[in-house]
Amino acid sequence: MNKKGVLIVISGFSGVGKGTVVKKLIEKYQYSLSVSATTRAPRPGEVNGKDYFFKSVDEFRNLIDYNGFIEWAQYVENFYGTPRKFVEDELAKGSNVILEIEVQGAMKVKEQYPDAVLIFLTAPDAVSLKTRLEGRGTEDAKVIGKRLKRASEETEDMPFYDYLVVNDDLDTCVDNVNAVIVAEGFKTANNKEYISKTKNELLEIRKEILS
Ligand code: ADP
Ligand code: 5GP
């Protein structure tokens, strides 16, 4: 079947497990993952070009000026943006592309790509979210506080998402996110070429029978 690539946006509260879920998802189901640019400092173990493209504020502003991003946003104290070229090239090839981005960026993507699928990941409850953020051990208490405040603000945008998936058991969550993406691929809107091809084939076969 001749399918159009699907643009998948995954958002969720800080610490909900977006990075963990997305990593497993692309390992298990081989989607194309967009690597964002950010002005935040790398966490221990993060690799430039793999986890993020780490940029100075000046470099980031330059990329904005040159229309290098599909979207960009400020989140807590840093800038984050989705490089345009990779996403456009992958979609043109028919690949399904995953963006792991926050809510302001997700809304901007939806404006430009109305067919994008927006998935919001949540934790079973607020306590597990706090426990996960603290357990990751990458932010101090002040930053964790800011991220939890931001999470409460982000609930306002949750209704604009197409799907809500709870990250309780990790493997179940990964399979549920994949189920959403697979279902999107079967939408008639994503299979218009198949429909017209089928029509032409049927007309051809009918002609052969009648001749
Ligand atoms: P995010 O990218 O959303 O900020 P991370 O992927 O960094 O979140 O996950 C935050 C912490 O929660 C990490 O320590 C991770 O190992 C843990 N975590 C992720 N998913 C689960 C899960 N389903 N159950 C328990 N802990 C999880
Ligand atoms: P973190 O600092 O925890 O890696 O990311 C902070 C937030 O920025 C997360 O919600 C993450 O999804 C989001 N983010 C990462 N990359 C991008 C991006 O390219 N654009 C936007 N708008 N948000 C991003």
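**Exercise 1: the pair H1 and H7**

Determine which hand the crossing of H1 and H7 has, left-handed or right-handed, and then describe the contact of these helices.

Solution. The crossing of H1 and H7 is right-handed, where a crossing counts as left-handed if the near helix is turned anticlockwise from the far one by less than a right angle, and as right-handed if clockwise. The model is a predicted one, in which local features need pLDDT of at least 70 and side-chain atom pairs count only at pLDDT 80 or more, whereas totals for chains, interfaces and linings use all residues. Residues are numbered from 1 along each chain as its sequence is written, chains are lettered from A and ligands numbered from 1 in the order in which they are written, and side-chain values use heavy atoms, with hydrogens and water left out.

The next step is geometry: H1 covers residues 18-29 and H7 covers residues 170-185, and the two pack at an angle of about 65° with their axes 9 Å apart. Axes here are lines fitted to C-alpha atoms, for helices over the stretch in contact, and angles run from 0 to 180 degrees between N-to-C directions. Helices (H or I, at least four residues) and strands (E, at least two) are DSSP runs numbered from the N terminus.

The last step lists the residues, with contact taken as heavy atoms within 4.5 Å. From H1 come Thr20, Val21, Lys24, Leu25, Lys28 and Tyr29, and they meet Leu170, Asp171, Cys173, Val174, Asp175, Val177, Asn178 and Ile181 of H7. By class, this contact holds eight nonpolar, two polar and four charged residues, given that Ala, Val, Leu, Ile, Met, Phe, Trp, Tyr, Cys and Pro count as nonpolar, Asp, Glu, Lys and Arg as charged, and the others, Gly among them, as polar.

**Exercise 2: the pair H5 and H6**

Work out at what angle H5 and H6 pack, and how far apart their axes are.

Solution. H5 (residues 126-136) and H6 (residues 141-154) pack at an angle of about 145°, and their axes are 11 Å apart. Their crossing is right-handed.

**Exercise 3: the largest nonpolar core**

Identify which residues of the largest nonpolar core touch the most other members, and trace the surroundings of Ile119.

Solution. A nonpolar core is a set of buried Ala, Val, Leu, Ile, Met, Phe, Trp, Tyr and Cys residues joined through side-chain atoms within 4.5 Å; buried means under 20% relative accessible area, exposed over 50%, and partly exposed in between, with a 1.4 Å probe and protein chains only. The largest such core has 38 residues, among which Ile10, Ile119 and Val177 touch the most other members. Two or more residues each are given to this core by E1 (7-12), H1, H3 (84-92), E7 (97-100), H4 (103-112), E8 (117-122) and H7.

Apart from neighbours within four places in sequence, Ile119 is in contact with Ile8, Val9, Ile10, Ser11, Tyr161, Tyr163, Val165, Val177, Val180 and Ile181.

**Exercise 4: Glu184 and Thr122**

Decide whether Glu184 is buried or exposed, and do likewise for Thr122.

Solution. Glu184, which lies in H7, is buried because its relative accessible area is 5%. Residues up to four places away in sequence being left out, Glu184 touches Val6, Val117, Tyr163 and Asn190. Thr122 belongs to E8 and is buried because its relative accessibility is 10%. With the corresponding exclusion of residues up to four places away, Thr122 touches Phe13, Val16, Met158, Leu164, Val165, Val166 and Asn167. Thr122 and Gly12 are 110 residues apart in sequence, yet 6.0 Å apart from C-alpha to C-alpha.

**Exercise 5: positive phi in two loops**

Find where Gln30 and Asn67 are placed, and give the phi value of each.

Solution. Gln30 is in the loop between H1 and E2 (32-33); its phi is near 50°, a positive value in a residue other than glycine, and at 61% relative accessibility Gln30 is exposed. Asn67 is in the loop between H2 (57-65) and E5 (69-75); its phi is near 60°, likewise positive in a residue other than glycine, and Asn67 is partly exposed, with a relative accessible area of 48%.
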